[in-house]
Amino acid sequence: MANIVIIGSGPAGVSASLYTQRAGIETTILSNGGGALSKTEKIENYYGFAQPISGPELEQAGLAGAKRLGVTVLEEEVVGITFEEKLTVLTTANKYPADGIILATGSSRKAPKIKGLTELEHKGVSYCAVCDAFFHRGKDVAVLGNGEYALHEALELLPVVHSVTLFTDGQALQAEIPDSIKVNTQRIDEIVGTEAVEAVRTTDGEIFPVNGVFIAYGIAGSTDLAKKIGALTEGSRIIVDENMATNIPGLYAAGDCTGGLLQISKAVYEGAKAATELIKFIRKQQS
Ligand SMILES: Cc1cc2nc3c(=O)[nH]c(=O)nc-3n(C[C@H](O)[C@H](O)[C@H](O)COP(=O)(O)OP(=O)(O)OC[C@H]3O[C@@H](n4cnc5c(N)ncnc54)[C@H](O)[C@@H]3O)c2cc1C
């Protein structure tokens, strides 16, 4: 039986799952918990409600409908997408090979406001270890973050670079870090460099020379995940065609992560479109 993995349990991911599951494709939703709806007090511009409904209530109702149809919903943080024998989703605990993947991870997190960070993007500041580790082989690098995603990025870099220091920027560590990775909990003042990254300076003025800085705060955002497998992005959105397909065969995206109107109705439509197109793609592959 064909299977798909949907990353995200918001309106886009859940809407997609209703189509794939009912088409006889084993459907798993991986989610890190509530998305944008969980922050929404009251919705009164979505079809079908005589009275306003709260975001969490709508989100839970959507999930309950998917589960009733037999969709598997697992709470796991996704840290990467790769290609092994098939497209494969990597979480902090498991690997999920799939005949197709739909990214429905909502809008990307904003980059932290650290002096020098934006200016040095593509000059040593990176959002993807698997993409850019090679450029820093044998060099000292920094990873900015404090959780499982930062650990995943650090482990990706470790075999290639000379040393990895995890800078938590004043936050408490939320992952068990092996001794092979140095940890620095000081607040960061600036990423130093003009033509390329040269160092990280902390607020108490200490300077740590590094060749690259990898940003991995919080959990992997939509464009972080897309880039890991080479899907094209533009700013904070994933680039898709009119069928919600990315440039990677079998990888689709829907909802806030594709940009444009950041609304439930658009997320629901794109979830449905991505699912119906992915169903056609899988059937074609299997015929
Ligand atoms: C305060 C607020 C008020 C709003 N009010 C309205 C309104 O009145 N009307 C309206 O139409 N829209 C409103 N919106 C917008 C609406 O909530 C979004 O457009 C919609 O939720 C987008 O759906 P989505 O499925 O694309 O993403 P989201 O609902 O954000 O879901 C993203 C999912 O991806 C998961 N995820 C992300 N990264 C990972 C990872 N690394 N691993 C595992 N899971 C991951 C999250 O856990 C979540 O389940 C509001 C948004 C906000 C923030």
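Predicted model: local features only at pLDDT ≥ 70, side-chain atom pairs only at ≥ 80, totals over all residues.
Strand β2, which spans residues 26-31, is mostly covered, with 5 of its 6 residues buried. Strand β1, made up of residues 3-7, pairs with β2 in the parallel sense over 5 bridges, and within this pairing I6 stands opposite I29 of β2. Between β1 and β2 the chain passes through helix α1, residues 11-22, in a β-α-β crossover that is right-handed.

## Strand β2 and strand β3

Strand β2 also pairs with strand β3, residues 72-75, again in the parallel sense, and here the pairing runs over 4 bridges. T28 has T72 in β3 as its bridge partner. To get from β2 to β3 the chain crosses through helix α2, residues 55-68, and this β-α-β crossover is likewise right-handed.

## The largest pocket

The largest pocket holds about 850 Å³ of space, and its lining consists of 43 residues, of which G35, A36, T105, G106 and S107 lie nearest the centre. Two or more lining residues come from each of the elements α1, β2, α5 (222-228) and α6 (264-286). Strand β2, mostly covered as described above, is therefore one of the elements that contribute to this lining under the definition of strands used here.

Sorted by class, the lining of the largest pocket contains 20 polar and 17 nonpolar residues, together with 6 charged ones.

Key: Residues numbered from 1 in each chain as written. Heavy atoms only, no water. Buried < 20%, exposed > 50% of the residue type's maximum accessible area, 1.4 Å probe, protein only. Pairing = 2+ DSSP bridges. Right-handed = clockwise from strand over helix to strand, strands pointing away. 1 Å grid on protein atoms, 1.4 Å probe; cavity = no way out; pocket = protein on both sides within 12 Å on 5 of 7 lines; lining within 4 Å. Points joined across faces, edges and corners; volume = space filled by probe spheres on them. Nonpolar A, V, L, I, M, F, W, Y, C, P; charged D, E, K, R; others polar.
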